[in-house]
Amino acid sequence: MGNKLNKHALYSDETKNYRNPAEPRTGDTVTIWFRTGREDVDAVFLISRELRIRMNKYKSEGLFDYYEIPLLVGKKTIHYYFEIYKGENRYFYNEQGVTRDLQEGYSFGIVPNFSTPDWAKGAVMYQIYVDRFYNGDKDNDVENGEYIYIQEPVERVEDWDTFPKPMDVRSFYGGDLQGILDKLDYLQELGIEVIYMNPIFVSPSNHKYDTQDYDYIDPHFTVIKNDGGETLSPGDFDNRHATKYIQRVVNKENLEASNAFFAHFVEEVHKRGMRIILDGVFNHCGSFNKWLDRERFYESDSSYEKGAYITANSPYRNFFKFNNEHDWPYNEFYDGWWGHDTLPKLCYEESDELLVYILGVARKWLRPPYSVDGWRLDVAADLGFSNEYNHKFWRMFRKAVKAINPDAVIYAEHYGNPKTWLKGDQWDSVMNYDAFMEPLTWYLTGMEKHSDEFRPDMLNNKHAFVSGMLYNMATFYMPSLQIAMNQLSNHDHSRFLTRTNHKVGRVGHLGPEAASQEVQPCVMREAVAFQMTWPGAPTLYYGDEAGVCGFTDPDNRRTYPWGREDQQMLQFHKEMIRIHKENPVCKEGSCKFITTCEKLIAYGRFDAREQLVVILNNQEEQVEADVAVWEVNVPEDALMEQLMLTWWEDFSTEPVEYTVVGRNLYVQMPPYSALILRTKKEK
């Protein structure tokens, strides 16, 4: 045994491959494993703040030795890392890999009693911006001049293929829940397992992040049972005269019919074995909200309590923070989120009634007859007026949700380190910007995720990519990482395909046509190959699979191009989703970046039975890959079969065989290509 440690052989993680049970409960004995090179180390210790225990070598297999240790799980989180000795040298191993420094901040962790739903681990999700997906019922469409929103009349867009305007929030294309029902066959054929919809509660905007009524689904998205009233006359900007809108969304008969339609909608989706996640906006509501009633829709309706804008005696007075106590009736001096008077900030600290109401909303939609499968929480870290209260609220929210359905999932929109919310007592996981969308975008396109900046120094910067991914992934415990929403695009950022053209700017400056000019579908195919083979829940933004382009919002909210899909891109997504679903290691396998040349990214997903290797060449020239596949348990001299090869013009799923030479794989990688290989099992 030489003096040089084989650092690339060292490995452990928080998956069930190196920890059993992977999500232990208080009182469980958990077994932890650590891998080293065969006969390569003198000793391995597991270290936490409370103990330092020498691990036992329990087996040698192939090129590796495996060490193990049992631990009794109490009530507190256990942070641990590994200490390795070879001769006089000491090394540490944590979530960043091998280090000579201690770096306790990157320790592995066991959070007792924290588990995330198995159905969400690696689930293929599909985000739908409902107004832009498909118009299944034209009778519920918003009409021209139906009401005033942000000082202008709303409009019904007649041409489905029209580009969104730079100020788009009051333009409606007519997409609805019937449209989603009409396209369930399409979603099933694509391979979708979970539908996540942007908000669908009553709201005056097309994005619906300004909730008007948390108790009802917007009838413009469902069914209008009893229509009537008038749209506003030209020049009339008084919403009290918007009697058609008031009839549609204030009349209880219409609202109850809308909720009944939604119950039917969920039932139909569940019949297909698919699940539904709702978007909850609980940091703020909208100025149209019945609790505030700035537009005075509810003021004269005796079936509703008076809004806090209307009178200081409103039962909702303490739902909001008013800054002038002497301006009723019609007090417009309330706190708005980021100063927006259309988005009144909800004041939980001053209102136990508001807290009870919102927790009731969280429970309501999880119960029959709706029985949705989880929540995505908008700007979740902003809720409340202090960080202390924010955490307190989400703890109560989690208890409320899990008491109704322990298998319901809780996602949060969050930028930055989420770890203080992901300790098993608040959120389950997040929309994965920092450990997925952002670093992958920089590496493959050199673009910022809004298309606001192009940095050539970040394009193909392997060191920045790998270190960024490892650093940000270390902020997750494994239960959260395995279900994290891994998106390339969504409603808040430019479409990924548009980022491949390196054009900096927004639609108001560049125009919508520029978003699809000089795009590189080959780069997007690399991104999708990564998305479908990386830990987490690959989440498509509607239309990405059909080649939709767009700068950041509102241009990213274009309609789905029914009948005009990019068929090559669509077929590629179907094949990649199939590969993801047919290979269990894509969902719960271990993951390791593999040593290769500086110009390539390679990694493996693996367990004791299966190994997948993924190689990306994001450059104009062909590169010879020398990939150390042994690092991810690929046996010496093994045969590997091709599951997917992409290149500049096209892709192939032909089952080509590759032979590992000794411990390494040698393969020619075409320009702008992705290669996915699986170890061929012996017959």
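Me: What do I need to know about the model before we start?
Reply: Because this is a predicted model, local features need pLDDT of at least 70 and side-chain atom pairs count only at pLDDT 80 or more, while totals for chains, interfaces and linings use all residues. Residues are numbered from 1 along each chain as its sequence is written, and side-chain values use heavy atoms, with hydrogens and water left out.

Me: ok, which residues touch the most other members in the largest nonpolar core?
Reply: Among them are Tyr 126, Trp 375 and Phe 397, in a core of 132 residues. A nonpolar core is a set of buried Ala, Val, Leu, Ile, Met, Phe, Trp, Tyr and Cys residues joined through side-chain atoms within 4.5 Å, where buried means under 20% relative accessible area with a 1.4 Å probe, protein chains only.

Me: and what does Phe 397 touch?
Reply: Leaving out residues up to four places away in sequence, Phe 397 touches Phe 282, Leu 359, Ala 362, Trp 375, Leu 377 and Ile 410, a contact being heavy atoms within 4.5 Å.

Me: switching topic, how do α7 and α8 pack?
Reply: Helix α7 (residues 433–445) and helix α8 (residues 462–473) pack at about 175 degrees, their axes 9 Å apart; helices are DSSP runs of H or I, at least four residues, and strands are runs of E, at least two. The two are therefore roughly antiparallel, a label for angles over 145 degrees.

Key. Buried < 20%, exposed > 50% of the residue type's maximum accessible area, 1.4 Å probe, protein only. Axes fitted to C-alpha atoms, helices over the stretch in contact; angles between N-to-C directions. Parallel < 35°, antiparallel > 145°, perpendicular 65-115°, else oblique.
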